[in-house]
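Open the model in your viewer and keep the selection panel at hand. The tour goes from the chain interface to a single residue.

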Amino acid sequence: MDSTTSPQQENDAGGLQVHCFTDVVDELTLHFQIIRLPKQIYAWIGCNSSKMGHLYAAAHTRPSEGVSVSCVLGGSSDNPGAGIARRIVLKSGLNVILASNIPKNSPMIEANAERKMMEKLVQLGYTRPRSEPSSFMINPTAGEIHR
Amino acid sequence: MASIEQHFPVPHRSFSVEIKGNKTDVVISGYNDHILVIATQIGTMGTMLQARKEEGMTSEPTFHVSVIFGKRDEPMLTACARQLIEHMSSSGSARPLVLSLGLKDHSMETLKGVVSSVLENRIW
């Protein structure tokens, strides 16, 4: 697996930390943008383009240990972005808004992108214990995120 | 004045302003197919709206604004998105807008402050 990472750019002059970086994996260019809000993470994954793609919101649903994902703009539950958002929440304990243009039926791209995103989140120290409360309004019985 | 990051394929601008005594963090990102504006005072993205220009039969452009996540009963938020998409359209940008507003209050003064700060730091 060939992987090169371009120098990341960080700009926290505005109070919100914005991290942008690009990685090339298997001749495929993946762009990543992570914006850290005090109680939430916004992330974008671009696959060979700078299109925003579909938008998903994911968070833990209390009181259960499950994670709910909502397609906010475009997309569906079987799009890669939905799965990545869900697993980022599971692994990191963060509330996540994720935008992604990774095409459907691309499991290797999806896996590589998710792995790089998680590596970066851990490197930045953004992951947190799941015992901390989430900031979303959750309907515990329906398991849905209130829009 | 915030700086524009252009080496990355998605230029963005990140800055902070004070609106009615509340620190407001703003990030504007220019994707190929959307403009994303995040303005937050509460630490989360809050309510998200989509605004886009619609191609019509008349010479006057029409716009469609809708809440895609969060509060659907706050007309000032919709008005804020509409103002921004109208400005974007009049300046020649055809990209739809995704606007995220996490605000402590939805007064006209606050929303006007958000609109003016975004327009002063626009990237389209």
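How many salt bridges does the rule find across the interface of chain A and chain B? It finds 0, a salt bridge being a side-chain nitrogen of Lys or Arg within 4 Å of a carboxyl oxygen of Asp or Glu.

This is a predicted model, in which local features need pLDDT of at least 70 and side-chain atom pairs count only at pLDDT 80 or more, while totals for chains, interfaces and linings use all residues. Residues are numbered from 1 along each chain as its sequence is written, chains are lettered from A in the order in which they are written, and side-chain values use heavy atoms, with hydrogens and water left out.

**Select the interface.** Chain A brings 33 residues to the contact and chain B 32 residues; contact means heavy atoms within 4.5 Å. Together the two chains bury about 2,800 Å², 67% of it on carbon and sulfur atoms (accessible area, 1.4 Å probe, lost on being put together, summed over both parts).

**Select the chain A side.** Elements giving two or more residues here are β2 (9-11), β3 (17-25), β4 (28-37), β5 (40-47), β6 (54-60) and β7 (67-73) of chain A; strands are DSSP runs of E, at least two residues, and helices runs of H or I, at least four. β4(A) gives the most, with 5 residues.

**Select B:Ser89.** This residue lies in helix α1 (residues 75-90) of chain B. B:Ser89 is buried, at a relative accessible area of 13% (buried means under 20%, 1.4 Å probe, protein chains only). Beyond neighbours within four places in sequence, B:Ser89 is in contact with B:Lys53 and B:Phe63.

Methods:
Buried < 20%, exposed > 50% of the residue type's maximum accessible area, 1.4 Å probe, protein only.
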